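Subject: Handing over a structure

Hello,

Here is the structure I promised to pass on to you. Please have it open while you read, and my notes on it follow below.

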Amino acid sequence: VVSTQSTGTMAEYFSDKQICQFRELFGSFDKNGDGDISAGELKCVLKSLGEKVKLRYCKNMIKVYDKNRTKRMEFKEFLDMMANVFQYHLSHPEAQQSNGPSIDMAQNKRLEDLFDSLDSDDSGFIDAEEIIKLTEKLGEKMTLEEVQDLIKQVDKDGDGRVNKDEFKRLMASK
């Protein structure tokens, strides 16, 4: 479960590459191509990802981010929601499941693309320095010790970094 507490406008802290990837993801939610996401569209996508949610839940989720009160989520509002998702997963590693849920090929590709955008030095790993930079962009301050503790909880192979598989398990967890 991801927190639905709005933290303001954090979307401005994403890189251009991340914003392009989020726009593609947004497009997969916006089934009718009208430029925003309805509760029904959100429910359909969540269902395709294996989430069983009620329409009321989707309406409430949209309501949290719907700054202009259209009862639909526009792209900027979607970015704010994604910023909260990042913050939640970075600050709640215990939300991850030990084996990780299964994910479909499309979701797997999106997670791999997202990992690549976060791996700023193209090393194939997300290290403490990259996590610290990301959390600073999201308005959070984490110490090196806090980040190392976070990595230890996610780092299944014990190398002190987060590899692509570890990242996908973390992000696919509920």
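A definition to begin with: two residues are in contact when they have heavy atoms within 4.5 Å of each other. With that in hand, a word on the source: this is a predicted model.

**The overall layout**

The protein chain contains eight helices and four strands. Following the sequence, they come in the order α-β-α-α-β-α-α-β-α-α-β-α. The chain has 174 residues, of which 43% are buried. Among contacts with a separation of 6 or more, 64% are between residues 24 or more positions apart.

**Helix 2 against helix 3**

Two packed helices are described by the angle between their axes and the distance between the axes. For helix 2 (residues 39-48) and helix 3 (residues 55-65), the axes come within 8 Å and the crossing angle is roughly 115°. This crossing is right-handed.

Which residues in helix 2 meet helix 3? On the helix 2 side they are Ala39, Gly40, Leu42, Lys43 and Leu46, and their partners in helix 3 are Leu55, Cys58, Lys59, Met61 and Ile62. By class, the residues of this contact are seven nonpolar, one polar and two charged.

**The second largest pocket**

Helix 5 (105-118) and helix 6 (128-137) each provide at least two of the lining residues, and helix 6 gives the most, with four.

Is Gln18 buried or exposed? Its relative accessible area is 4%, which is under the 20% cut-off, so Gln18 counts as buried.

**Two pairs separated in sequence**

Leu79 belongs to helix 4 (residues 75-91) and is buried, at 6% relative accessible area. Between Leu79 and Phe26 there are 53 residues of sequence separation, while their C-alpha atoms are 9.0 Å apart in space.

Gln148 is in helix 7 (residues 144-154). Its relative accessibility is 38%, between the cut-offs of 20% and 50%, so Gln148 counts as partly exposed. Gln148 and Gly160 are twelve residues apart in sequence, with a C-alpha to C-alpha distance of 7.5 Å.

**A loop to look at**

Most residues other than glycine have a negative phi. Where does the model depart from that? Arg69, although not a glycine, has a positive phi of about 55°. Lys71 also has a positive phi, near 65°. Arg69 is in the loop between helix 3 and strand 2 (73-74), and Lys71 lies in that loop too. As for accessibility, Arg69 is exposed with a relative accessible area of 60%, and Lys71 is exposed with 70%.

Best wishes

Key:
Residues numbered from 1 in each chain as written. Predicted model: local features only at pLDDT ≥ 70, side-chain atom pairs only at ≥ 80, totals over all residues. Heavy atoms only, no water. Axes fitted to C-alpha atoms, helices over the stretch in contact; angles between N-to-C directions. Left-handed = near helix turned anticlockwise from the far one by under 90°. Nonpolar A, V, L, I, M, F, W, Y, C, P; charged D, E, K, R; others polar. Buried < 20%, exposed > 50% of the residue type's maximum accessible area, 1.4 Å probe, protein only.
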